[in-house]
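Here are a few notes to read alongside the structure. Take them one at a time, and find each residue as you go.

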Amino acid sequence: MRIGGLASGIDTDSLVKEMMAAQKLPQDKLTQQKAFTEWQKDAYRDVNLSLSNLRTLASDMRLQSSFNSYSSTATGSSVTPETTALSVSGSYKVEVISLAAGAKINSAAPIKSFTNSAVSAKSTDAIGTAGSITIKGSGATATDIVVPILATDTYEQVAKKVQEATAAKVPELRMSFDNTTSSFFISTKGMGGDQNFTMNFSTPELAGQVINAKDAANGNAVITNFSTSTAATNTFMKAASNGSVKFDGITVDNLTSNKTTINGLTLNLVETGTSTITVQADPTKTFDKIKGFIDKYNETIADIEKQLVEKRYPDFQPLSAEQKKEMTDNEIELWEEKARSGLLRNDPILRNAMQELRQSFTSPVAGMPAGSINMLSQIGINTGTWSEGGKLFIDEDKLKKALTDKPDQVMALFTNRVDDKNVGVGGRVYDALNNVVKKLSDKAGSPTSLVDNSQITKYIKQMDEEISRWQTRLEKIEDRYWKQFTAMEKAISQMNSQSSWISQSLGMM
């Protein structure tokens, strides 16, 4: 029990608070240090996120596909072209001879319910007859895929069994039961002649409940063996086939896809017929991509450079809860603005990263042929003065001219590889950014990761433990103070009682 000043008249509560305030100074400093460290961690993570976003853009600048300085137009509807970084200006005649196609089988007629032939079957009905379906591809190494079917299996379950049994095999089938038409639809996932397959049924009844095809030439019996390679005789089947295209008189056949790339030009085959494709230089797309990357780089490093030189105010420490109670909201805001200033001032990780990035942009690119462009300055991209923090400036006319006259050299400047390593500007900048992002993640954690074992997080946990120990220690000290004052109050109370008794005794004499 705490007795506060009943006998002595002392404001014990206020006195203990004042005494504890002195005892709490080490804990308050530790709490302030923790708050500052948390602010610093947030600042590191914000910078990390900015550099990670810039790294994503830099990743594209390593790829030849990002330097597509061509556009194309096509007359005719047989093909839609897409230019690549390796396209060549000119006019090309393209004839689509045939399209690649997958194999297909569907029920020849609507399937009726096994229990009531007057009602169309639904996907949730039981198929009603047991047996097995054997599927075999058309290749020389094809093996039989046997799918057991139970009478209690629904039409939907039969489709799922077939699809799962052929997963990751040739052919890989897609099978479904359609309630609108009461029919199975079966098709191969891939295209090309090697996708043809046969489907055998162990019983006519099972074949009737899946394909429902009749053979009028043989007493209208149900056909139990179906092969997509002979689909011409059956309207409910379609054979798989290869695609074929003629490019400026050169025939390219055995295509297993309706998309192919010839002479740096990607062709999407749409229908049989002839088209004329015109390819011409178009530096706009590449110019916009390079400029967008440079603008983002300038924006990012300008923010980092600002934080590296931002002034630190040591006298303005994070406020405690007690301090905030004595201040207005405006005073708190102004104070914390000073306290948060200079969180990353002269940070060695960021300072070294800025230097590495500048070198990545300004150094000559290795492995370039003699006489070729090997520096950004040759295409109109230059750094300013050191006081401008490594900002890059673009001579737009010079860059556009380089993209128009020497697009291949500009592409190589960013994407060149030596010994299977990307040594171009894009690769160097990406590596530099990747390096600093990793260091910042190790120091303060990644803003995109749920796991944080960073150095600062571990340090904050240590401070939490120390603050907790201090709190226990302070509680013991405060308890000791109260026990001492309580003992004093009890002693004074006893003395007062004795004094009163003595006075009363003397008065009676």
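1. Let us begin with a term we need: a residue is called buried when its relative accessible area is under 20%, exposed when that area is over 50%, and partly exposed in between. Please also keep in mind that this is a predicted model.

2. Now try the term on threonine 129. Its relative accessibility is 9%, so threonine 129 counts as buried. You will find threonine 129 in the loop between β4 (104–106) and β5 (131–137). What is threonine 129 in contact with, leaving aside its neighbours within four places in sequence? The partners are Phe114, Ile149, Leu150, Ala151, Thr203, Glu205, Leu206 and Gln209.

3. Next, look at helix α8, residues 348–362. At 1.5 Å a residue, its 15 residues should span 21 Å, and the end C-alpha atoms are 21 Å apart, which agrees. At the start of α8, a side-chain oxygen of aspartate 347 comes to within 3.2 Å of the backbone nitrogen of isoleucine 349.

4. Which residues of α8 are buried? They are Ile349, Leu350, Ala353, Met354, Leu357, Arg358, Ser360 and Phe361. These residues cover an arc of only 165° around the axis, so they sit on the same side of α8. On the other side of α8, Pro348 and Gln359 are exposed. As for what the buried residues of α8 pack against, look for α2 (25–60), α5 (284–309), β20 (392–394) and α11 (425–444).

5. Salt bridges come next, and the count is 17. One of them joins lysine 401 to aspartate 405, with the closest N and O atoms 2.6 Å apart. Both residues lie in helix α9 (residues 396–405), four residues apart, which is about one turn of the helix. Lysine 401 counts as exposed because its relative accessibility is 53%, while aspartate 405, at 46%, counts as partly exposed.

6. Helix α11 has a pair to look at too. Aspartate 442 and lysine 438 form a salt bridge, their closest N and O atoms being 3.2 Å apart. Within α11 these two residues are four residues apart, about one turn of the helix. Aspartate 442 is partly exposed at 39% relative accessibility, and lysine 438 is exposed at 52%.

7. Two more places deserve a look. Arginine 417 and aspartate 420 meet through their side chains in a salt bridge (3.5 Å, N to O); arginine 417 is partly exposed at 47%, and aspartate 420 is exposed at 65%. Finally, Lys34, Glu38 and Asp464 are linked in a network of salt bridges.

Notes
Residues are numbered from 1 along each chain as its sequence is written. This is a predicted model: local features need pLDDT of at least 70, side-chain atom pairs count only at pLDDT 80 or more; totals for chains, interfaces and linings use all residues. Side-chain values use heavy atoms; hydrogens and water are left out. Buried means under 20% relative accessible area, exposed over 50%, partly exposed in between (1.4 Å probe, protein chains only). Contact means heavy atoms within 4.5 Å. The expected span of a helix is 1.5 Å times one less than its number of residues. The arc is that of the directions from the helix axis to the C-beta atoms. A polar contact is a pair of N or O atoms within 3.5 Å; within protein, one must be able to donate a hydrogen and the other to accept it, and residues adjacent in sequence count only if both atoms are side-chain atoms. A salt bridge is a side-chain nitrogen of Lys or Arg within 4 Å of a carboxyl oxygen of Asp or Glu.
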